[in-house]
Number of protein chains: 2
Amino acid sequence: MQSVNRALLLVNKAAGAAPDGLSLNQAAEALGVAKSTAFNLLKTLVAHGFLREERPGPRYFLGMSLMRLGDLVGQQLPVAEISRPLLRELTVATGLTARVAVVDDGCPVFLERVDGPGMVRFHTPLGCREAPHASAAGKAILATYDERRVREICQAEGLVAHTRSTITDVEALLADLERTREQGFAIDDEEEAEGVFCVGAAFLDHQNRCLGALSVTGIRAEVPAWRVLHIGQLVREYADRLTREMRGQSAELPPQSLGAHSRRGDGR
Amino acid sequence: MQSVNRALLLVNKAAGAAPDGLSLNQAAEALGVAKSTAFNLLKTLVAHGFLREERPGPRYFLGMSLMRLGDLVGQQLPVAEISRPLLRELTVATGLTARVAVVDDGCPVFLERVDGPGMVRFHTPLGCREAPHASAAGKAILATYDERRVREICQAEGLVAHTRSTITDVEALLADLERTREQGFAIDDEEEAEGVFCVGAAFLDHQNRCLGALSVTGIRAEVPAWRVLHIGQLVREYADRLTREMRGQSAELPPQSLGAHSRRGDGR
DNA sequence: CATAGCGTTCGACTATAGCGAACATGCTGG
DNA sequence: CCAGCATGTTCGCTATAGTCGAACGCTATG
């Protein structure tokens, strides 16, 4: 499946090549193929709207089809649709950027975001994976797993340090997860990026397996110590609401009170 | 480029196959190829995250990469980023769903949307093309072109009727466009969908060529006759603001007052 | 327990995608 | 204004890589 591989790689290249786009020669060189080969690939991708050809001196950018398809991903996952109004409320209530992620192999993948009102914008593309051990959403997810599974994931992903505060030791991480379970929400205190503070909480499916997490993100200064508890409880509360609403739609289970702190899932 | 073609077709199939996803056999049949061929294609797409494989009984859905890439499209087009706060304001001011489209071969392609507060949700996927003759955004765009180009586009697209009110006659369309130019905004009065009312206005680049259009959408009942003028002027005003802000960023041209009704471009 | 339907693997054949060289085009600098 | 270069585009040959079909294993169902 060589040609398909190359085509898809090209799309990724075009994604990285902002804001000037990709030229034919760049494409050919990036793939290590002849110019004519890259030429054909590019034309095919353009024909399907996966790339956009901007003249003159053809430069290639991501195409409109990707936007349409990207939008559809969210619609295939019911989570995004349902969580949107909750994110909006959460943003208003906290003044922070609120996001929702689904879990993919233990990592949070962010589906949807509602930016806060502040000056600061965070570089948080939709659809991106974040590290499980260094993000509030990730730790909220891990906290629903049992120790064995957490160790597996840590092994697979590796506890790479993003900042000085990143937890790089498995035992320390397990302790942090225990605290997360106790208080009902996870905290990322500059563990993913310097100066950035996040709070996250997991939501569950009808079998109490973790589906994903809500989180709010702000700069450290926006979140003084005395606000943390309040924000944490708010995020927890909204995550529970999301759990209930997801159940309400996909299965007709009764809203069965979740209990304030009953997310002690077994992770499988 | 047969295999790439087939792969990209599969992605589109998977997009349409909501909410149950695509099975191997469906995929093979849809393409008219052997099962093993479809199998390889699917696996390759999954490896790149363009599709997601859900077990058991492997079903294929759109993958997370598409979401990430779709999000990036917007970032490569400066329009989406800049228009977002304007859309938000416009939604608040009108109580309607506000959207922004860029022009692609005369058709509006919608980049970004901010839903209104009402109960009604519109089925308006991002990245989708709409008919130029039957949407407010489309007519706002066409109104910036000269007669020859409008006729060309009509020829190419065909004036298909979506509802009883759709304009299917070129002369009538040209008259409507003239009115649009006079009042500064375009109106779609149930021409695209029954019961749906839209108002749109074009925004321009630094050479006064049409870049795209803003529009607001509501159900007919939300937009009584006496509100139309006010809403129209509002949309016109925001489109002009967008024009100015786009110029402010990409080129350092002075904000040069646009004049209330100076969008009489020549369309090329 | 049998069977039908699906996903998955394998090897052979041939169409197809890849290469390289030649041709076109559009800019830059002399 | 022309020459030269860099870039995009086309074409034919060749071998590779993608396609097919058939065989296998699994699960789900009557």
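**Entry 1. Chain A as a whole.** I began with burial and noted that 55% of the 268 residues in chain A are buried, where buried means under 20% relative accessible area, exposed over 50% and partly exposed in between, computed with a 1.4 Å probe on protein chains only. I recorded that this is a predicted model, in which local features need pLDDT of at least 70, side-chain atom pairs count only at pLDDT 80 or more, and totals for chains, interfaces and linings use all residues. Residues are numbered from 1 along each chain as its sequence is written, chains are lettered from A and ligands numbered from 1 in the order in which they are written, and side-chain values use heavy atoms, with hydrogens and water left out.

I then listed the secondary structure and found 9 helices and 7 strands in chain A; these are DSSP runs numbered from the N terminus, helices being H or I with at least four residues and strands being E with at least two. I also looked at contacts, meaning heavy atoms within 4.5 Å. Of the contacts in chain A with a separation of 6 or more, 57% join residues 24 or more positions apart.

**Entry 2. Where the two chains meet.** I looked up the contact between the chains and found 46 residues from chain A and 46 residues from chain B in it. Chain A and chain B bury about 4,300 Å² between them, with 67% of it on carbon and sulfur atoms. Buried area here is the accessible area (1.4 Å probe) that two parts lose on being put together, summed over both. On the chain A side, Met64(A), Met67(A) and Gln76(A) lose the most area to chain B, together 16% of what that side buries.

**Entry 3. Helix H4 of chain B.** I noted that helix H4 (residues 64–76) of chain B has 13 residues and reaches 19 Å from its first C-alpha to its last, close to the expected 18 Å. The expected span is 1.5 Å times one less than the number of residues. Is H4(B) enclosed or open? Because 11 of its 13 residues are buried, H4(B) is largely enclosed by the rest of the structure. Among the buried residues I listed Met64(B), Met67(B), Gly70(B), Asp71(B) and Gln76(B).

**Entry 4. DNA strand D.** I counted a residue as near a strand if one of its heavy atoms lies within 4 Å of it. There are 19 residues around DNA strand D, of which Met1(A), Gln2(A), Ala34(B), Ser36(B) and Thr37(B) come nearest. Sugar and phosphate account for 69% of the atoms of DNA strand D that come within 4 Å of the protein.

I next looked up polar contacts, which are pairs of N or O atoms within 3.5 Å; within protein, one must be able to donate a hydrogen and the other to accept it, and residues adjacent in sequence count only if both atoms are side-chain atoms. A backbone N or O atom of Ser3(A) lies 2.9 Å from a phosphate oxygen of DNA strand D. Which part of DNA strand D is 2.8 Å from the side chain of Ser36(B)? I found a base oxygen there.

**Entry 5. DNA strand C.** I found 18 residues around DNA strand C, and Ser36(A), Thr37(A), Met1(B), Gln2(B) and Arg55(B) come nearest. Sugar and phosphate make up 69% of the atoms of DNA strand C that come within 4 Å of the protein. A backbone N or O atom of Met1(B) lies 2.6 Å from a phosphate oxygen of DNA strand C.

**Entry 6. His133(A).** I located His133(A) in the loop between strand E4 (107–114) and helix H6 (136–142) of chain A. His133(A) counts as buried because its relative accessibility is 2%. Its side chain reaches the backbone oxygen of Val160(A) at 2.8 Å. Not counting residues up to four places away in sequence, His133(A) touches several residues, including Lys139(A), His162(A) and Glu191(A). His133(A) and Glu191(A) are 58 residues apart in sequence and 8.7 Å apart in space, C-alpha to C-alpha.

**Entry 7. Glu190 in each chain.** I noted that phi of Glu190(A) is near 60°, a positive value in a residue other than glycine. Glu190(A) is in the loop between strand E5 (186–189) and strand E6 (196–204) of chain A. Glu190(B) has a positive phi of about 60° although it is not a glycine.
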